[in-house]
Amino acid sequence: MMTFPALPALPARRARRTTVSVAAVAVVAVGLSVLSGCKGSPSGAGAPAPASSASAAPVAGAFEPEQALAEAEKTPYAASIKGVTEAAGQELSTMTGRSNLGTLFTGRAEIRSTGLWMETVTTTDANYVRNRTQDGSGWVKTPRSPDNEANYAGYAKLLLAAGPSAKKGMETRGGVPAYHLAGHLALDQVASIDPRTHRSMKAKGVTGFDIDQWIDSQGRTVRFEQRMEMRGVQAVNKIDFSEFGPVETFAAPQG
């Protein structure tokens with residue numbers, strides 16, 4: 001997980017902007033966990049889920065999500081990933097990259113937001129970060145965290161465990177048949193599958209979040225949306241997965 005410096009105190013007339021900015025930094029930090037080596041209740045529920053994009057007609061290639069997830073556990077894969085983090089209705093950052101999923105997490109990513117341009121590479125034994133915002137900044141190597149994982153299948157299983165209400169049915173995402181799962185998870189439910197996010201959110205006062213997740217017939221996540229209220233600000237992380245393929249090797253960057 002990337003960390004950010006504390007923001008300085010600002011005059012009272014900028015209090016609202018400060019609140020959004022502080023929450024924005026927190027949300028960006030949570031959203032970056034998957035790519036940088038790196039969503040109920042009144043205090044934890046996020047904004048209502050957006051309207052479903054399901055077509056009125058039955059979707060061809062229907063399948064059951066439980067069976068699809070069982071298949072996903074058999075075959076690790078690589079995927080291209082694009083993530084957008086928003087707070088108070090404003091886009092804060094974008095993440096693009098490619099990662100291995102369903103196995104030891106490795107990958108590379110580029111993170112951009114106003115005044116920030118970072119690159120990250122996660123290998124089997126280390127994390128590398130380069131601050132492209134600063135001219136001449138080189139790669140900084142840090143040890144790989146033992147909980148440096150991205151367990152999207154784990155989130156899908158938690159949603160299914162909530163019962164039939166989580167099963168929203170077949171839809172089409174990007175021209176691909178996908179099963180839509182949705183529900184609210186208490187923060188402590190994710191401690192075992194995503195300890196990094198659990199720690200980060202708990203420190204920021206989040207007690208739970210809403211999730212919409214779409215998986216394909218092979219159990220691979222094709223879309224993941226996470227909504228929460230953080231320090232009084234409605235926030236959302238949206239991640240799209242595409243270009244699936246065999247597991248790849250991500251080596252340490254040069255230079």
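View 1. Helix α3 is followed by G163, which has a positive phi, near 115°; helices here are DSSP runs of H or I with at least four residues, strands are runs of E with at least two, and both are numbered from the N terminus. The model is a predicted one, in which local features need pLDDT of at least 70 and side-chain atom pairs count only at pLDDT 80 or more, while totals for chains, interfaces and linings use all residues. Residues are numbered from 1 along each chain as its sequence is written, and side-chain values use heavy atoms, with hydrogens and water left out. Helix α3 is mostly covered, with seven of its ten residues buried, namely Y152, G154, Y155, A156, L158, L159 and L160; buried means under 20% relative accessible area, exposed over 50%, and partly exposed in between (1.4 Å probe, protein chains only).

**View 2. The buried side of helix α2.** In α2 (residues 65–72), the buried residues are P65, A68, L69 and A72. These residues lie on the same side of α2 because they cover an arc of only 100° around the axis, the arc being that of the directions from the helix axis to the C-beta atoms. Their cover includes α3 (152–161) and the strands β7 (167–173), β8 (176–186) and β9 (208–215), where contact means heavy atoms within 4.5 Å.

**View 3. The packing of α2 against α3.** The axes of these two helices, α2 and α3, come within 11 Å and cross at roughly 155°; axes are lines fitted to C-alpha atoms, for helices over the stretch in contact, and angles run from 0 to 180 degrees between N-to-C directions. Helices α2 and α3 are therefore roughly antiparallel to each other, a term that applies to angles over 145 degrees. On the α2 side the contact is made by P65, E66 and L69, and on the α3 side by A153, A156, K157 and L160.

**View 4. Helix α4 and the residue just after its end.** The residues R196, T197, H198, S200 and M201 are buried in α4 (residues 195–203). Just after α4, G205 takes a positive phi of about 85°.

View 5. F244 has its place in β11 (residues 233–245) and is partly exposed, with a relative accessible area of 25%. Not counting residues up to four places away in sequence, F244 touches Y77, A78, A79, R98, D216, R220, T221 and V222. Of these, R220 is 24 residues from F244 in sequence and 8.8 Å from F244 in space, C-alpha to C-alpha.

Technical notes:
Angles under 35 degrees count as roughly parallel, over 145 as roughly antiparallel, 65 to 115 as roughly perpendicular and the rest as oblique.
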